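Let's walk through this fold together, one question at a time. Keep the sequence and the 3D view open as you read.

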Amino acid sequence: GDAADSKAETEKAAASATAAATSAGLPNMPSLGGAQPLDAVVEAVNKPDDDGFTPLMAAAALQFVGSSKEKSATKADEVAATICDLLVKNSASVTSMDKHGNTAMHWAALRCHSRAIRVLGKHGAPLDATNYVKETALHWAAQACAIIAAQELITQGASTRVRDHWN
């Protein structure tokens with residue numbers, strides 16, 4: 001039934017995330033039972049790709065493609081929040097920026113991941129960080145018509161007065 005399908009989807013998502021982390025060269029995370037020196041974990045969870053995209057940003061930007069767009073989005077948000085929480089608890093930086101100045105909060109807002117936004121905010125991610133064209137996560141949520149994400153950002157205290165490059 002639905003519960004079995006949901007469990008199977010979660011297990012599949014966890015396996016995909018583990019495979020992605022492994023292919024990105026991340027060591028086994030301590031909370032998953034691996035024993036790695038702390039410095040190696042911190043370096044791995046904050047290692048950007050050529051575009052400055054970190055594992056935390058990848059988790060925040062997670063998307064699923066499924067038969068039901070709404071169900072896929074909800075599951076992606078749940079998994080994104082779980083992975084973000086795991087990474088931050090293992091020293092992932094919530095202030096890292098990609099080569100355009102975007103943070104994990106920008107990416108979570110773009111994907112309408114309200115749970116991931118809540119997790120990032122709980123761990124001190126800046127709500128009003130601006131990228132190189134002065135856009136905040138709230139700007140990205142508005143551009144993506146991500147109303148739930150925008151509401152979560154505002155609830156957490158994001159400013160509605162920050163102007164981007166368009167004013």
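This is a predicted model: local features need pLDDT of at least 70, side-chain atom pairs count only at pLDDT 80 or more; totals for chains, interfaces and linings use all residues.

Helices here are DSSP runs of at least four residues, numbered from the N terminus.

Q: Which pattern does the protein chain follow when read along the sequence?
A: Let's start with the inventory: the protein chain has eight helices and zero strands. Read along the sequence, this gives the pattern α-α-α-α-α-α-α-α.

Q: What share of the contacts in the protein chain with a separation of 6 or more comes from residues 24 or more positions apart?
A: For background, buried residues make up 40% of the 167 residues in the chain. Turning to contacts with a separation of 6 or more, the share from residues 24 or more positions apart is 69%.

Q: How are the rings of Phe53 and Trp107 arranged, stacked or edge-to-face?
A: The count of aromatic pairs comes to two. In the pair of Phe53 and Trp107, the ring centres are 5.2 Å apart, within the 6.5 Å cut-off for a pair. Planes over 60 degrees apart count as edge-to-face. These planes meet at 85 degrees, so the pair is edge-to-face.

Q: How many residues apart in sequence are the parts that Phe53 and Trp107 tie together?
A: Phe53 lies in the loop between helix H2 (38-45) and helix H3 (55-60). Trp107 belongs to helix H5 (residues 104-110), so the pair ties together parts whose separation in sequence is 54 residues.

Q: Is Trp107 buried or exposed?
A: A residue counts as buried under 20% relative accessible area. Trp107 has a relative accessible area of 16%, so Trp107 is buried.

Q: Which residues form one aromatic cluster?
A: The rings of Trp107 and Trp140 have centres 5.1 Å apart and planes at 90 degrees, so they too are edge-to-face. This pair links helix H5 to helix H7 (residues 137-143), with Trp107 and Trp140 33 residues apart. Together the cluster consists of Phe53, Trp107 and Trp140.

Q: Which residues is Trp107 in contact with, leaving aside its neighbours within four places in sequence?
A: The C-alpha atoms of Trp107 and Ala59 are separated by 8.8 Å, although the two are 48 residues apart along the chain. With neighbours within four places set aside, the contacts of Trp107 are Phe53, Met57, Ala60, Ala61, Asp98, Asn102 and Trp140.

Q: What covers the buried residues of H6?
A: Start with the residues themselves: Ser114, Ala116, Ile117, Val119 and Leu120 are buried in H6. Just after this helix, Gly124 takes a positive phi of about 90 degrees. The cover over the buried residues includes H3, H4, H5 and H8.

Q: Which helix gives the most to the lining of the second largest pocket?
A: The second largest pocket has a volume of about 490 Å³. Of its 21 lining residues, the closest to the centre are Lys69, Ala73, Thr74, Arg111 and Cys112. H4 and H6 each supply at least two residues of the lining. With seven residues, the helix that gives the most is H4.

Q: Is Cys112 partly exposed or buried?
A: Phi of Cys112 is near 60 degrees, a positive value in a residue other than glycine. Between the limits of 20% and 50%, a residue counts as partly exposed. At 26% relative accessibility, Cys112 is therefore partly exposed.

Q: What is the relative accessible area of Cys145?
A: Cys145 is found in the loop between H7 and H8. Its phi is positive, about 55 degrees, although Cys145 is not a glycine. Cys145 counts as exposed, with a relative accessible area of 64%.

Terms used
Residues are numbered from 1 along each chain as its sequence is written. Side-chain values use heavy atoms; hydrogens and water are left out. Rings of Phe, Tyr and Trp (its six-membered ring) pair if their centres lie within 6.5 Å; planes under 30 degrees apart count as stacked, over 60 as edge-to-face and the rest as tilted. Buried means under 20% relative accessible area, exposed over 50%, partly exposed in between (1.4 Å probe, protein chains only). Contact means heavy atoms within 4.5 Å. On a 1 Å grid over the protein atoms alone, a cavity is a set of points where a 1.4 Å probe fits but cannot get out, and a pocket is an open set with protein on both sides within 12 Å along at least five of seven lines; lining residues have an atom within 4 Å of a point. Grid points are joined across faces, edges and corners, and a volume is the space filled by probe spheres set on the points.
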